[in-house]
Amino acid sequence: MKTKLHILYGGKSAEHQVSLQTALAVTKALDMDKYEVYPLYITDTGEWRRGGLLNGPAESVHQLKLEDGGETIAPLALSSGEDVAEASPVIFPLLHGPNGEDGTVQGMLELLNLPYVGNGVLASSAGMDKVIMKNLFAQAGLPQVGYVHFLRSEWEKAAEATYVKVEEDLGYPCFVKPANLGSSVGISKAKNREELANSFREAFEYDRKIIVEQGLDGAREIEIGVLGNDEPECSVVGEIAPKTEFYDYKAKYEDGDTAMIIPAEIDGETYAKVKEMAITAFKSIDGAGLVRADFFLTKEGELYINEVNTMPGFTPYSMFPLLWQHTDVSYPELIEKLVGYAKERHEEKQ
Ligand code: ATP
Ligand code: MG
Ligand code: MG
Ligand code: MG
């Protein structure tokens with residue numbers, strides 16, 4: 001019997017377009033002899049639209065917007081309707097950022113008792129909040145740079161005190177980030193008090209909570225893919241070499257001249273350490289399905305974990321699928337594995 005798969009994409013986030021491109025690539029990679037694929041689109045205003053069975057790969061992003069033929073549904077009605085009654089579909093969220101990658105959609109799918117690809121509620125929300133994530137990493141004994149965090153209300157009451165704390169605890173340069181975001185949105189590097197104040201203002205535009213981290217100068221950026229449930233596996237290790245001062249939004253989505261080096265040219269000992277730390281990080285947030293773990297490797301050879309991303313970029317040209325391709329797991333195989341892990345996790349819960 002074919003597996004029913006609802007691909008869930010779009011969303012009310014800055015990464016709407018990226019998500020559409022991902023959905024297009026996923027429909028192209030899916031073997032329609034194995035899957036019955038239904039599109040499920042969240043518009044940029046947050047409306048949910050369900051389309052009919054796809055007979056073949058989607059031809060265009062336009063088609064995926066379901067402007068003709070799709071029906072508007074209430075998200076909680078997802079598990080109603082005859083097609084769902086016979087065999088429950090697997091939901092494949094291809095969403096990034098708040099309301100997609102942060103546990104909210106996952107929580108709704110839990111309530112509906114539907115199997116879904118990727119991380120559960122806890123891992124998604126812990127992975128989205130950089131402060132909580134780093135606290136969990138610290139508890140798991142993972143080496144990371146120093147960090148402090150502030151709430152907007154604290155800063156509004158006593159800005160000077162927040163800056164002094166950063167200077168005393170971390171010094172310059174430091175990185176200021178909204179606690180709950182991705183794609184480098186709202187992140188800046190500060191080298192002095194004036195830049196620090198500007199960075200705070202910028203980051204607080206996006207979140208009520210920010211994290212400030214000790215900045216590493218000239219560190220290499222190492223990334224690895226993790227795949228699985230209770231016994232996760234690692235991909236080969238890759239390196240990102242941005243041409244800019246750091247890997248900012250523009251370098252990620254606009255310039256396109258950031259080098260991806262797979263496999264990374266690092267020594268065997270470091271290579272093994274990256275894998276071990278990635279697995280520890282995955283387990284520390286109670287991960288499921290997949291994560292991409294990001295590291296810094298300093299000139300002195302010290303390895304620090306930066307973060308995990310619970311729904312990493314997933315176009316065929318994104319780092320996570322490329323890392324797996326170099327590990328002999330093709331894009332279609334990767335999708336198949338993820339659907340398998342989703343079913344496995346769902347069965348465990350029944
Ligand atoms: P994404 O989810 O797209 O990977 P993000 O928004 O979660 O990104 P980070 O990965 O934390 O953000 O940071 C973005 C980039 O900023 C890093 O890839 C790196 O280039 C730079 N950076 C972040 N923190 C530090 C740090 N402490 N020291 C040096 N560089 C940093
Ligand atoms: Mg991230
Ligand atoms: Mg992200
Ligand atoms: Mg990152």
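Me: Before anything else, where do the domain bounds come from?
Reply: Domain bounds come from an automatic or database domain assignment. This is a predicted model, in which local features need pLDDT of at least 70, side-chain atom pairs count only at pLDDT 80 or more, and totals for chains, interfaces and linings use all residues. Residues are numbered from 1 along each chain as its sequence is written, and chains are lettered from A and ligands numbered from 1 in the order in which they are written.

Me: OK, which domains does the assignment give?
Reply: Domain 1 is 3–116, domain 2 is 127–143 + 218–349, and domain 3 is 147–214.

Me: How far apart are the centres of domain 1 and domain 2?
Reply: Taken over C-alpha atoms, those centres are 24 Å apart. Domain 1 puts 20 residues into the contact and domain 2 puts in 13 residues. Two residues are in contact if their C-beta atoms, placed from the backbone, lie within 7 Å.

Me: Which elements give two or more residues to the domain 1 side?
Reply: They are β1 (3–10), α1 (16–29) and β5 (90–93). The largest share, five residues, is from α1. Helices (H or I, at least four residues) and strands (E, at least two) are DSSP runs, numbered from the N terminus.

Me: And how does that side divide by class?
Reply: Eleven residues on the side of domain 1 that touches domain 2 are nonpolar, six are polar and three are charged. Here Ala, Val, Leu, Ile, Met, Phe, Trp, Tyr, Cys and Pro count as nonpolar, Asp, Glu, Lys and Arg as charged, and the others, Gly among them, as polar.

Me: Switching to the whole chain. How many helices and strands?
Reply: There are 13 helices and 14 strands. Buried residues are 41% of the 350 in the chain, where buried means that 20 or more other C-beta atoms, placed from the backbone, lie within 10 Å of the residue's own.

Me: What does the C-alpha trace span?
Reply: About 60 × 50 × 40 Å along its principal axes.

Me: Now ligand 1. Which residues come nearest?
Reply: Of the 19 residues around ligand 1, the nearest are Gly182, Glu213, Leu216, Phe246 and Tyr247. A residue is near a molecule if its C-beta atom, placed from the backbone, lies within 6 Å of it.

Me: Which strands supply at least two residues of that shell?
Reply: β7 (174–178) and β14 (303–309) each do, and β14 gives the most, with three residues.

Me: Which domains does the shell draw on?
Reply: Domain 2 and domain 3 each provide at least three residues of the shell around ligand 1. By class, that shell has eight nonpolar, six polar and five charged residues.

Note on methods:
A residue is buried if 20 or more other C-beta atoms lie within 10 Å of its own, exposed if 12 or fewer, and partly exposed in between; C-beta atoms are placed from the backbone.
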